Amino acid sequence: MKRLVTLLFAFVITASLSLMAQEPASKDQTAGDKKVDKAEKKESKAAEKGKAMSLTGWVKDQDGKTMFVNDKDKQAWNIANPDAVKGHEGHHVKVKAKLNESDHSVNVEKLTMLRKAKQAGDEQKAEEKK
């Protein structure tokens, strides 16, 4: 009797583990996709209405053009007024900008540097993902 209960218990544990293994690989990926979709919808609505919105991301210099790479959806936007971000290439910043989806550019109205601890931490995370 004792042996039967032990075997039954082992079977139940094994069956439950196999059912857990068949769940979707990662719920984090679908949550990440939802965040990206939400960010893109928000950007397109702001662009349609001509409103400025706050974005956080990196100012990068690529192929002679100054770009802004958004943190949420990782999209690179051309900066229409590069003088507004001059000297901030390679920095993590928060900008208030108007988006223009027709030519995929941003017009920066205000730029705020994020604190240095945030900069270093985000650079390390970006390098780890590569």
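**Exercise 1.** Locate K86 among the secondary-structure elements, and decide whether K86 is buried or exposed.

*Solution.* Step 1: K86 has its place in the loop between strand 3 (76-79) and strand 4, where helices (H or I, at least four residues) and strands (E, at least two) are DSSP runs numbered from the N terminus. The model is a predicted one, in which local features need pLDDT of at least 70 and side-chain atom pairs count only at pLDDT 80 or more, while totals for chains, interfaces and linings use all residues. Residues are numbered from 1 along each chain as its sequence is written, and side-chain values use heavy atoms, with hydrogens and water left out.

Step 1: Buried means under 20% relative accessible area, exposed over 50%, and partly exposed in between, with a 1.4 Å probe and protein chains only. K86 is therefore exposed, since its relative accessible area is 63%.

Step 2: The C-alpha atoms of K86 and T66 are separated by 8.8 Å, although the two residues are 20 apart along the chain.

**Exercise 2.** Describe the order of the elements in the chain, and state where the confidence is lowest and where it is highest.

*Solution.* Step 1: The chain holds 3 helices and 5 strands, and from the N terminus on they run α-α-β-β-β-β-β-α.

Step 1: The predictor's confidence in each residue is given as pLDDT, from 0 to 100; the chain averages 80, and 80% of the residues score at least 70. Helix 3 (residues 116-129) has the lowest confidence, at a mean of 54, whereas strand 4 (residues 92-100) has the highest, at 92.

Step 2: Of the 130 residues, 23% count as buried.

**Exercise 3.** Which residues gather in the positive and in the negative surface patch?

*Solution.* Step 1: Patches are made of residues with over 30% relative accessible area and no salt bridge, with like charges joined within 9 Å and nonpolar side chains (Val, Leu, Ile, Met, Phe, Trp, Tyr) within 5 Å. A salt bridge is a side-chain nitrogen of Lys or Arg within 4 Å of a carboxyl oxygen of Asp or Glu.

Step 1: The positive patch is formed by K35, K38, K42 and K72. Within this group, K42 lies in helix 2 (residues 27-49) and counts as exposed because its relative accessible area is 55%.

Step 2: The negative patch gathers D33, D37, E40, E48 and E101. E101 is found in the loop between strand 4 and strand 5 (105-113), and with a relative accessible area of 40% it is partly exposed.

**Exercise 4.** Which residues make the nonpolar surface patch?

*Solution.* Step 1: The patch, of about 430 Å², is made by F9, I13, L17 and M20.

Step 1: L17 lies in helix 1 (residues 2-21) and, at 51% relative accessibility, counts as exposed.

Key: Accessible areas come from the Shrake-Rupley method with a 1.4 Å probe; for residues, only the protein chains shown count as cover. Lys and Arg count as positive and Asp and Glu as negative; His and the chain ends are not counted. The place of a charge is taken as NZ of Lys, CZ of Arg, CG of Asp or CD of Glu.
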